[in-house]
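Here is a short note to go with the model. Please read the points with the structure open.

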Amino acid sequence: MKRITKLLFSLIVGVGLFSTTAQAKQTLHWSELSEVQTLDPALSVDTVSSEMMRNSYEGLYRFDNNGKLKRALVKQATLSDDKLTYTFTLQKNAQWSDGTPVTAKDFVYSWQRAVDPKTKASNAQLFSGIKNATEIMAGQKAPTELGITAVDEHTLKVELSYPLPYFKSLVVAPIFSPLNQKAVEKYGKDYGTAADKAVYNGPFIVKNWTGSNQKWNLVKNKHYWAKKHIKLDQVAFLVTKSTATSYNMFQSGQLDQTNLNQDQARQLRTSKEFVARKQARTQYLEFNKQNVALKNANIRKAISAAINRKQLVDQILADGSMQTKSFVPQGLMTYAGKDFAKVAGTKAGTTFDRKAAQKYLKQGLKELGQDSLELQLLGDDDDLSKKTNEYLQSQLEENLPHVKVTTLNITKKTRIARMQKGEFEVVLTGWGADYQDATSFLDLFRTDSPYNFGKWQNGEYNKLLEQASSQTGQARFDTLVKAAKILNQDQAIAPLYQPALATLLKKDVHHLIYDPVGGYTFRDVTLK
């Protein structure tokens, strides 16, 4: 009898312990609108991939809420009097997810790899202010001549070509993360094409991503130098392109967060779980100048002037997004108390004017020797993109006589690939800031920029950006403002709106960090 009682007691205790352990496991369930494209920091061009890498790699600095910079692997930093040389002392106990130490050499290897033309890094232009980077990317110097040196295992020196007032926020971008050379060389061109073909040094490691699937996990990195600080065991991700699906899953407790479409945002705005996230991002139309009709500035101006942006943000989106007069979003860059976007904004190229649109169209068609125009509008296949494209299609056909518009909504990965190949006419796309400066946007449309998918060219614009690179303070601010105005006046693109991310978030999710530049960081999250 005593033996049976003792056995029952052990079972009860065991069950209790199992239950406690299960309850204590911290798993956050998260929805995404699109898939991961890559886990190679040098090749990322999309928001979701960047979000995964900001949580699985760790560089010199990181963002806290609302753009506040925090030290990551930096213990101490000094800047020379001429503002051209940074010296960083790194955390000594940082490790890779394979247990090997993170050293200054890992930064040197990663940065040299990123500027090497052979790598074809998507964001290589971000290194332009670092000594010799421009010459290396042009094939004029060797990657080993980049202005970065490992003084010793935990001391890193970075030399600049000219002062970069935004340098610390710049190096938060994933492309500036260190890389484990042994792992990169082991996997070669396959590095980052799946979760198990990468090595991480951030608070989490990526698991269960095979390269194309729509479910994956961020799992607590047991080798992370500040692992005691991390309370989450994992974040479970699910791609739900339909917010109706993710909303139902949120309601049933299968998700802790969901994005909302415009109708949902309108209905749920007063919910205690509703959160609107301000984004340092601009949605816009890009025109392919290789297309004969779109090479014509009057045709581009007609398209832009035919779109009622106020109606778009108030009635179609209805999620807190704002119409914009500038390609650079509000709140990204200020100087002497002035917001760059407000100073650089113009009515030209951003204002709805039906009569002007028809006048531009008439003149453009005359110059082309045509009496009608057919265009294809490309976009992503999520609910919001589809609805936005439908609205744009209706605006163009209603306000521009003799214009026929067809829409094509495809996966984000395919859309990006088509843009890179120049296989589009007009595309609905967006850009989010890599760092806290207007050049994060303006540099996209340099003639030689890999992101200048529409091949717009303007010599004066290029000269202004080059001029700004050697300026500081008010002079630099004013020069960049002039460049930004040229984008609108020549209708290089058609800025549409600065988006807000309308979401629902469970009340038991605490300490989630969201930065308009960096997006979500799960490092501090706790569930209660």
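**Notes on the fold and the pockets**

1. Helix α13 (residues 383-399) lies across β13 (281-287), β17 (373-380), β18, β19 (426-432) and β20, and runs at about 175° to β18. Contact means heavy atoms within 4.5 Å. Axes are lines fitted to C-alpha atoms, for helices over the stretch in contact, with angles from 0 to 180 degrees between N-to-C directions. Helices (H or I, at least four residues) and strands (E, at least two) are DSSP runs, numbered from the N terminus.

2. On provenance: this is a predicted model, in which local features need pLDDT of at least 70 and side-chain atom pairs count only at pLDDT 80 or more, while totals for chains, interfaces and linings use all residues. Residues are numbered from 1 along each chain as its sequence is written, and side-chain values use heavy atoms, with hydrogens and water left out.

3. Look at N389, which is found in helix α13. Is N389 buried or exposed? N389 is buried, with a relative accessible area of 0%. Here buried means under 20% relative accessible area, exposed over 50%, and partly exposed in between (1.4 Å probe, protein chains only). Leaving aside neighbours within four places in sequence, N389 is in contact with L377, L378, G379, T407, N409 and L428.

4. An open sheet of 6 strands has the order β14-β20-β13-β19-β17-β18, with mixed pairing. Its edge strands are β14 (322-323) and β18 (403-410), each pairing on one side only. Two strands pair if DSSP finds at least two bridges between them.

5. Now take β20. Strand β20 (residues 493-498) pairs with β14 in the antiparallel sense over 2 bridges. M322 stands opposite Q498, and Q323 stands opposite Y497. Another 4 bridges join β20 to β13, again antiparallel. There, Y284 has P495 as its bridge partner. Of the 6 residues of β20, 6 are buried, so the strand is largely enclosed by the rest of the structure. Helix α10 (residues 309-317) lies across β14 and β20, at about 40° to β20.

6. There is another open sheet to check. It has 4 strands in the order β4-β5-β7-β6, with antiparallel pairing. β4 (74-79) and β6 (148-152) stand at the edges with a single partner strand each, so one side of each is left without a neighbour in the sheet. Neighbouring strands are turned by 20° against each other on average, direction ignored. Helix α3 (residues 104-115) packs on this sheet and touches β5, β6 and β7; its direction makes about 165° with that of β6.

7. β4 and β5 run antiparallel and are joined by 5 bridges. L79 has Y86 as its bridge partner in β5. The hairpin of β4 and β5 has 5 residues between the strands, and K83 takes a positive phi near 60° there. Strand β5 (residues 85-90) also pairs with β7 (residues 155-159) in the antiparallel sense, over 5 bridges. T87 stands opposite K157 in β7.

8. Which helix is largely enclosed by the rest of the structure? Helix α2 (residues 47-56) is, because 9 of its 10 residues are buried. The buried ones include V48, E51 and R54. The cover over the buried residues of α2 includes β1 (27-32), β2 (61-63), β8 (204-207), β9 (215-220), β10 (234-239) and β24 (519-521).

9. For the pockets, the grid convention comes first. On a 1 Å grid over the protein atoms alone, a pocket is an open set of points where a 1.4 Å probe fits, with protein on both sides within 12 Å along at least five of seven lines; lining residues have an atom within 4 Å of a point. Grid points are joined across faces, edges and corners, and a volume is the space filled by probe spheres set on the points.

10. The largest pocket has a volume of about 760 Å³. Of its 38 lining residues, the closest to the centre are Q125, S128, T134, M137 and R446. Elements giving two or more residues to the lining are α3, α4 (133-137), α16 (459-468) and α17 (473-489).

11. The second largest pocket has a volume of about 340 Å³. Its lining includes Q37, K189, Y191, K413 and Q420.
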